[in-house]
Structures are given as structure tokens and as C-alpha cells.
Amino acid sequence: MPRVKFPDLPIAEVLPEVRAALAAHPLVVLQAPPGAGKSTVLPLALLDQPWLAGQAIVMLQPRRVAARAVAARLAEGLGEEVGGTVGSRVRFEARVSARTRIEVVTEGILTRRLQRDPELSGVGLVILDEFHERSLNADLALALLREVQGALRDDLRVLVMSATLDPALPGRLDAPLVQSAGRAYPVDVQYLPTDPAGRVEDAVARSVREALAAHPEGDILAFLPGVREIRGAMSALADVQAVVLPLYGDLPLAEQRRAILPDPGGRRRVVLATSIAETSLTLAGVRVVVDGGLSRTQRFDPGTGLTRMVTTRVTRDAADQRAGRAGRTAPGTAYRLWSERTHAALAAARPPEILEADLAPLTLELAGWGAPDPAALAWLDEPPAPRVESARALLRDLDALDGENRITPRGAALLELPTHPRLAHLLHDGVALGLGALAADVAALLEERDPLGSGAGTDLTDRVAALRAWRRGERGRGEAAVLERIGRLSGQWRRLLRLPSDDTPPDPFAVGQLVALAYPERVALGREGGGGRFLLAGGQGARLPEGDPLAASPALAVAHLDAGSGEGRIHLAAPLDPALLEDRATTRDTVRWDARTGTLVAQRERHVGALVLEARPLRDLPHEARVKALADAIREGGPHLLTFSPEAENLRARVESLRHWRPEESEWPDLSDAALLDTLEDWLGPHLEGVRTRDDLRRVNLLPALGALLPWPLPARLDDLAPTHLTVPSGSRVRLGYTLDGSPPILAVKLQELFGLSETPTVNGGRTPVLLHLLSPAGRPVQVTQDLRSFWNSSYFEVRKDLRGRYPKHPWPDDPWSHAPTRHVKKRL
DNA sequence: CTCTCCCT
């Protein structure tokens with residue numbers, strides 16, 4: 001092996017420490033800022049280590065461009081070409097040989113390799129680079145590697161490399177930490193708060209103008225959330241003395257290159273970029289960064305399986321990345337268009353991808369690994385259970401998992417295809433249907449950027465036609481660089497699956513059929529009234545752009561849509577043969593409550609998910625089905641669908657009061673709102689015979705239904721402990737007011753009726769004094785008390801002073817505790 | 001009134 005020469009890089013200083021740590025520990029964390037040389041030099045310096053025992057090093061990179069570039073730099077350090085001692089491997093592209101000792105791979109490659117060879121034979125060290133990004137695949141790789149270390153390979157080493165320090169990481173991994181200095185020029189960070197109500201593109205354009213004036217040389221890089229804002233800022237900067245260039249992912253390759261390289265004429269440049277310029281692309285010659293402070297990200301809703309775009313504040317680590325871009329070649333300046341106070345309130349970092357992403361690929365990988373339950377592995381952050389559950393539902397739909405969420409033979413076949421399980425399913429079944437060549441084209445198109453762009457309608461068939469025209473060598477529609485990438489990918493699928501090529505115009509229904517394989521829950525039927533509005537089998541509504549020709553199609557297979565707010569927006573779809581929906585349909589009897597008309601609807605339906613193709617009314621519906629539908633309606637629409645009479649409400653309150661007062665007596669049934677809603681079927685069900693409409697439901701007498709929950713001898717005991725009425729000294733039977741929360745029952749009575757009574761009456765077997773609401777002769781409350789004796793002794797006399805004049809016909813004796821009680825005025829006495 | 005970025 002050639003001798004390695006180490007340039008004067010910061011990483012050289014910590015090299016002995018890294019070597020020692022790896023000799024002693026199977027897992028080591030290395031923190032080194034950009035420019036330290038950790039990716040491009042360090043692996044070479046570990047090749048001769050005794051613990052490696054001549055085995056290979058595998059280094060993970062999160063992006064393909066990075067994997068290729070890092071491999072090139074490492075090979076250069078040895079004076080070799082890639083494919084010798086240093087190789088690289090990304091999907092469909094291996095540059096390795098028998099001599100290769102360092103393999104730089106993208107993250108998914110390692111997962112594939114582990115699935116085929118869990119012992120990772122011939123590999124002594126795995127390096128996870130850019131681990132601070134916490135990509136889903138890096139988290140998965142780490143979890144799998146730790147399991148391999150524990151169960152199969154105690155000699156395997158793992159080196160986790162991170163540009164930023166998560167101080168908790170070494171502890172959580174039980175791994176030693178080595179820290180290195182970085183190499184970067186100082187960046188002067190300045191905060192320039194702007195009006196948060198204003199448009200970010202205007203604020204950025206203003207700052208760019210000021211920066212051009214304040215800094216006589218160097219290029220300016222500005223960060224904006226998306227294409228729309230970039231266009232806005234470009235038109236606001238049309239007159240500046242500099243070349244203004246956009247930079248975003250969907251930009252044609254040639255234009256991306258123009259934004260990355262220095263101006264050939266040596267003019268100053270202003271590059272307006274999305275977050276793509278944070279890490280993925282590096283620009284030469286930037287001295288000033290203007291950060292608008294926003295970024296646009298996708299939010300996945302596991303409930304619907306749909307995503308939508310949201311614009312949010314940058315995180316602090318992203319803002320640091322952006323600022324750092326000003327100090328690559330010389331000292332620089334970064335302007336942040338927010339205040340230092342706002343900065344302190346920003347989130348430190350984006351949540352790890354595993355907490356937010358679609359987990360279908362990960363869930364299938366784990367099932368293939370023999371871990372149907374992800375919780376069995378040691379994660380830094382465990383994949384959230386609800387997302388795992390929705391991923392499982394999709395994978396079962398694709399027949400990739402069985403009822404116990406174990407991988408099926410078919411799931412194992414899908415895992416062999418290096419793509420998302422949805423597209424693997426499309427390819428797998430497309431081949432079986434004899435549509436292999438088309439499946440390869442459709443799968444490639446669905447995975448890559450749209451070659452036509454959003455102005456070109458949403459029909460995927462047009463994209464297939466454009467791709468095939470391009471392959472025939474015609475100059476047709478579509479961006480050549482994107483078509484070339486798609487064409488290459490489609491060719492790779494054809495080679496892998498040994499499929500013929502097909503350049504004839506595509507059959508639109510065949511395209512739709514293939515899309516429906518990948519997105520079974522997104523087959524859609526046009527809604528009544530048309531207008532491009534569709535209902536998806538998954539139950540959501542979605543709409544085509546205004547005037548889209550696909551609106552004429554009665555059924556669609558939708559590939560890409562975003563959840564929008566309320567109604568989704570369809571970006572890419574194909575017409576679907578209604579006969580295919582018919583084939584897929586199953587029959588079900590449904591009984592449901594129509595909240596609009598307030599009636600039970602019972603019908604036999606032919607349906608695909610939420611799409612009802614045909615419905616016939618159903619005559620004799622089974623009692624249980626009716627009860628269930630009514631119970632659901634009450635739970636959904638609220639208890640006001642029922643009528644609790646005062647007697648029924650009082651019964652509930654008495655029982656609930658006893659449950660509060662006598663928690664040790666478990667025989668009292670739970671009559672709280674929540675419990676009654678939970679058990680509607682049991683207690684209300686038997687009383688729903690013949691109930692069909694809202695009025696029927698309102699007329700149901702709930703008192704006997706609730707009474708049935710009190711078996712003998714509880715009714716008698718209830719009357720004893722929580723009587724409905726008490727007889728007061730005057731002889732009146734006065735109703736007691738109980739409450740569900742068990743406060744003392746209220747006894748509202750004119751105070752003259754209590755003359756002669758010295759103690760407060762009680763319920764609950766003498767344990768609970770009632771709450772007396774003492775009333776004036778006119779029935780107005782004059783005192784609330786639970787202590788009648790002290791009322792007679794003191795407050796009574798003040799009350800008497802106030803009221804005697806107003807009610808002269810009523811008795812106001814000096815000795816209320818011994819006076820005769822009365823309901824009447826004095827004369828009647 | 002338009003969709004950030006990335007991977008097998």
C-alpha cells in the first residue's frame with residue numbers, strides 16, 4: 001500500500017486519540033467542524049490499525065454527490081483513481097475492485113448489504129459521516145450496526161462523525177468522545193430585524209442591495225424558502241450591478257452549475273438559493289450571506305398518508321450552516337434578518353428524520369431484518385408507534401406483511417428492489433401483468449423530478465410520452481437533463497428485471513393501472529358536479545388544477561398530491577379504467593347515521609375503500625348493526641341526540657354522588673358522561689328497538705334504561721342513602737338537588753319551614769349534611785349554609801332585621817329553634 | 001399564485 005502523507009489539517013492533531021479510542025472501544029464519537037479533514041483524510045490514517053486486521057472500511061455519506069466526491073478526494077490522497085484502494089458505491093453504480101479497502105457508500109447501500117450479510121464479513125470499521133443530520137437511514141444503520149456488534153461481531157468498530165456536538169450523544173451511545181478543531185475563516189454575524197409581516201423576498205432584496213454597497217468584493221449568497229420567493233427577489237434585484245442567479249433543486253443542471261461556479265467574466269454574483277445551498281452544494285467565492293430566516297419543509301400526516309408543504313423558521317443549527325458559507329475562502333459576513341432575541345427562541349435543530357418521515361421503507365426493512373417490532377432495537381429515537389402503524393397498514397395492503405406484521409415472501413421480493421415499497425410493488429406486479437417496460441418508465445418518472453413542470457397539466461401519460469419521444473431521439477417536450485436521468489433510471493430497472501424496451505405511445509389506462517398499484521389508497525372517483533373534484537379511496541377529497549384535461553376522466557389513479565388545507569391538490573395522476581375499480585370492489589353492508597337528515601341509512605354497497613360504486617337499500621337490518629350505528633352517531637354528534645329527563649338526570653346525580661362519597665362500595669355503576677358514552681351499546685341498546693330517526697331517538701325514555709343498571713338491592717339502598725326528597729319540620733317534602741360531582745345535595749326551603757329544627761339534615765347515612773339554601777317567603781335565597789344551628793344563633797337575627805319589614809305577614813320569632821314551623825302566613829296559624 | 005431536501 002502506498003504511504004499516506006497527511007497535509008497540515010486539524011484532524012492530524014487528534015489522530016492518535018481517535019486510533020486509541022477505536023482500539024479500546026467498539027463505538028466512538030468524533031466531533032469535528034467542517035474543514036477539519038475528517039472525511040477526506042481520516043479513513044486513510046486508520047487503514048494500518050492492528051484492530052482492523054486488514055479488513056475494509058465502509059464510510060456512509062448521506063448524498064450521492066458527496067459519496068463520489070469524498071471517494072475522489074481519498075483516492076487522490078493516495079495518488080490513485082477511484083476503484084483502487086478507495087471505491088464508491090451508490091445505487092446502480094459500483095466503482096470498486098478486489099483491491100478496495102475503503103468503500104464510500106450512500107446510506108441505503110449499507111442497509112442492503114446488512115440484509116444480505118448481517119455479519120458484514122470483510123468489514124472491520126463502519127464510519128457514519130455527517131451524523132448530525134440525523135437522517136433516517138443513518139439512524140437505521142446505527143441501530144442495525146449496534147445489534148450486529150452485540151450479537152455477531154464483537155470485533156466490528158463503528159465511528160460516528162458529526163460536525164456539530166450533541167452533548168448527550170456520547171452518553172446515550174456509551175461511547176468515548178474525541179473532539180477536533182475545524183478550519184474555517186471567521187464570519188461576522190449581524191442581526192438585522194425586519195418587519196415579520198413583510199414579505200421575506202423584499203427584505204432579502206433590500207439587504208442584498210445594502211450588502212453590495214457595504215462590501216466592495218466577493219459574491220453574495222441569500223437564503224429564501226422556495227422558488228416563488230426566489231423569483232420575487234430576482235425581479236426586485238433586476239437593476240443591480242451584479243449577476244443575479246437562482247439556485248434550487250428543480251433547476252436544470254446547467255443553471256445549477258452556473259450558480260455554483262465563479263462568473264466566467266469575473267463579475268460579482270448574487271445567488272438566491274433554497275436550503276439546497278446549506279449542505280448539498282458548495283459555492284466558491286461567497287463572502288456575504290443574507291439569511292431570510294425561513295425554510296420550507298414537508299410535513300407528513302400519518303393519518304392520511306399525505307404530505308403538505310409548510311414554511312417555518314430556520315433552526316439555529318441551519319442558520320449556523322448558512323452563516324458558515326460566508327467563511328469558506330476568506331473572512332466573511334452573515335446578515336440574519338431577525339433579532340438576537342428571536343434567535344435565542346429558535347429551535348436548536350430539526351427533529352431527527354425518523355420522527356417525522358414516512359416509515360414504510362424502514363418498517364419493511366425491519367420486518368426483513370426479523371424485527372417486526374421496531375422497539376426491539378436500540379434507537380437514539382424510537383420510530384413513533386402511530387407512524388409505524390400506518391406504515392404497516394400500507395405494507396399489508398401491498399401484501400408485503402402478514403397479519404402479524406411479519407414479512408411475506410412477496411415482501412422479501414419487494415425488499416430486493418432498491419426503491420420505495422410502493423414503487424417496488426408497481427414494478428413487481430407490473431412485470432406480472434405484462435406491463436414491465438411501462439412499469440420501468442412509470443417507476444422512474446415517479447421517483448424523479450417532473451420533466452414537464454407544473455404548467456403542463458397533471459397527466460402522467462404525457463410524461464411517459466415525453467420520455468419515449470426523447471428516447472426515440474425526437475426533440476419534444478420536457479427538460480433534457482431530467483429526461484436523461486429518468487431514461488437512465490428506467491434503463492437500470494429494465495436491466496435489473498430483464499425487461500424489453502418500449503418506445504411506443506403509452507396506453508393511458510395502463511399507466512393508471514400501474515399508478516394504482518403503487519398508491520392503492522389514492523384511486524379516485526369524480527364527484528358529482530365535476531369541476532375536477534375527486535374523492536380518494538382513502539377518504540380524502542382532492543382537486544385538479546383549474547382547467548386540467550384529466551377532469552373529464554370519471555376515475556383517476558393519483559400519484560402525487562399534497563394535503564393542502566381541507567381539500568388536497570393533485571399534482572400528478574393518470575386516468576383509471578372504471579372497470580378496474582369494479583374488479584377491485586368488495587361488497588359490504590353498511591348501517592350509518594346520516595347527520596344531515598337525522599336518519600339511519602342501511603345499504604348494501606360495492607366499494608373500494610371510501611369509494612361507493614353501487615348502493616342498494618337494505619331492508620331488515622340486524623339489531624346489533626343498528627345499535628352500533630346509533631351509538632356511533634351519539635358518540636360523534638354528542639349526547640344532545642338523547643333526552644335526559646329531570647328524573648333521569650337526578651338518578652344519575654344520586655348514583656354519582658354515592659360513588660364519590662363511598663368509593664369503597666364498588667357496586668354502584670359508573671354513570672358519568674364518559675362511561676355512559678363508552679357503554680351505550682350495553683345500557684341503551686335494548687331500548688333502541690324500532691329507532692330509526694332523530695325524533696325516535698329523542699323519544700327514548702332513558703329512566704328505565706338507567707334504572708336497569710341498578711340491580712336489586714341497589715334501588716332500595718339508593719333511596720335510603722340518597723333520597724330524592726326530605727321531609728322538613730313544616731311537613732313539606734322537598735326535593736334534593738344532587739350533582740354529578742358529589743357536592744352536598746341542595747335543600748332549598750323557606751326558612752320558616754325549618755323553625756324548631758336545630759341540626760342540618762343529612763343524607764348518605766348521616767355522613768353528609770345537605771347544603772341549605774334558605775329562602776325568603778318570596779322564595780329568594782337569603783343564606784346558604786351547612787350549619788343550621790349557627791344560622792339560628794347569629795345570622796338569622798340580621799336576616800330578620802332586613803326582612804321583617806318587607807314580609808310582615810310572616811312569622812319572625814325571637815326563638816326560631818323552638819317556634820312552630822310553617823308554610824303559611826301568620827293568620828293561618 | 002405554483003413543491004424544501006434526500007435515499008436503496
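Guide: A pocket, on a 1 Å grid over the protein atoms alone, is an open set of points where a 1.4 Å probe fits, with protein on both sides within 12 Å along at least five of seven lines; lining residues have an atom within 4 Å of a point. This is a predicted model, in which local features need pLDDT of at least 70, side-chain atom pairs count only at pLDDT 80 or more, and totals for chains, interfaces and linings use all residues. Residues are numbered from 1 along each chain as its sequence is written, and side-chain values use heavy atoms, without hydrogens and water.

Visitor: How many residues line the second largest pocket?

Guide: Those that lie nearest the centre of this pocket are Thr194, Pro196, Gly292, Arg313 and Leu337. They belong to a lining whose residue count is 18.

Visitor: Is Gln31 buried or exposed?

Guide: Gln31 lies in strand E1, residues 27–31, where a strand is a DSSP run (E) of at least two residues, numbered from the N terminus. Because its relative accessible area is 10%, and buried means under 20% (1.4 Å probe, protein chains only), Gln31 is buried.

Visitor: How many residues of helix H3 are buried?

Guide: Helix H3, a DSSP run (H or I) of at least four residues, spans residues 107–116 and is mostly covered. Its buried residues include Glu107, Leu110 and Leu114. Of the ten residues in H3, the number buried is seven.

Key:
Chains lettered and ligands numbered in written order. Buried < 20%, exposed > 50% of the residue type's maximum accessible area, 1.4 Å probe, protein only.
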